[in-house]
Amino acid sequence: MPFSQLNDIIIKLTDETTVKVLNVLLDQKEIIDEEIVNILNEEIERAYEAINEDEEQRIPRIALKEVRKSLYKLNERSLARYRRVRDKETGYFVYFWTPIWERIRDLIISRRKLSMKKLRQRLDYEQRNLLYVCDEGHTPVTFSDAFELGFICTTCGKELSQKDNTKTIHFLEQKIKVLDEELKTGLEELDDIAELMEKSIQKK
Ligand SMILES: [Zn+2]
């Protein structure tokens, strides 16, 4: 799933309902707000399927108002756009929503690059600095700090010894490798999907 990280990113920017709304958009190509409400509430009802009739009213259904709020949030962040069409019968405008793929793609790329940068910095730090720590695991310090302290922990007074960070280094290297792969393959998938979406919209 190319969007494995997307939900985490969106939730940081907005909230849980907005994540759900965006996922419906990603799945449905072009959709009106009322349909989104129906889809989300059907999902909720399915989750509560076993419930009996008396409790039926207590199912936490999503309101149209909430979905609209989420759509505006997505629109503000340029993650979704709408096409406005006047309904000939009612005279009201109907909004057809679609995700903005380029922006979603850019968001995923920039977040991944940021994670990668942080991991590389951490790895670099671990490789450069041998850390010293006591048996109790109190705050590790660098060699020069440990030297100044006479290799004694300031918290408990126990002796400081070199901390083995080969496991940490190995862990970081693995994470970097995985993220690097995701950066390559994940983006191809995103491009494929974006292309399909563009085509399906043009057909309408
Ligand atoms: Zn200590």
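**Note on helix H4 and its surroundings**

1. Helices H3 and H4 pack at an angle of about 115°, with their axes 9 Å apart, and the crossing of the two is right-handed. On the H3 side the contact is made by Asp 33, Glu 34, Ile 36 and Val 37, and on the H4 side by Leu 64, Val 67, Arg 68 and Leu 71. The coordinates belong to a predicted model, and the remarks below should be read with that in mind.

2. Helix H4 itself covers residues 64-76, and its 13 residues reach 18 Å from the first C-alpha to the last, which is close to the 18 Å expected at 1.5 Å a residue. Its buried residues are Val 67, Ser 70, Leu 71 and Leu 74. Seen down the axis of H4, these buried residues fall within an arc of 100°, so they line one face of the helix. An α-helix has 3.6 residues a turn, so residues three or four places apart point the same way. The face turned away from the buried side of H4 carries the exposed residues Lys 65 and Glu 76.

3. As a general point, nonpolar side chains in soluble globular proteins tend to be buried together.

4. Two backbone torsions deserve a look, given that most residues other than glycine have a negative phi. Ser 78, which is found in the loop between H4 and E1, has a phi near 55°, a positive value in a residue other than glycine. Phe 151 also has a positive phi of about 55° although it is not a glycine, and Phe 151 is found in the loop between helix H6 (143-148) and strand E5 (161-162).

5. Are these two residues buried, exposed or partly exposed? Ser 78 counts as partly exposed because 13 other C-beta atoms lie within 10 Å, and Phe 151 is likewise partly exposed, with 16 other C-beta atoms within 10 Å.

6. Arg 84 lies in strand E1 and counts as exposed because it has 8 C-beta neighbours inside 10 Å, where the cut-off for an exposed residue is 12 or fewer. Not counting residues up to four places away in sequence, Arg 84 touches Phe 93 and Tyr 95. The C-alpha atoms of Arg 84 and Phe 96 are separated by 6.4 Å, although the two residues are 12 residues apart along the chain.

Note on methods: Residues are numbered from 1 along each chain as its sequence is written. This is a predicted model: local features need pLDDT of at least 70, side-chain atom pairs count only at pLDDT 80 or more; totals for chains, interfaces and linings use all residues. Helices (H or I, at least four residues) and strands (E, at least two) are DSSP runs, numbered from the N terminus. The expected span of a helix is 1.5 Å times one less than its number of residues. A residue is buried if 20 or more other C-beta atoms lie within 10 Å of its own, exposed if 12 or fewer, and partly exposed in between; C-beta atoms are placed from the backbone. The arc is that of the directions from the helix axis to the C-beta atoms. Two residues are in contact if their C-beta atoms, placed from the backbone, lie within 7 Å. Axes are lines fitted to C-alpha atoms, for helices over the stretch in contact, and angles run from 0 to 180 degrees between N-to-C directions. A crossing is left-handed if the near helix is turned anticlockwise from the far one by less than a right angle, and right-handed if clockwise.
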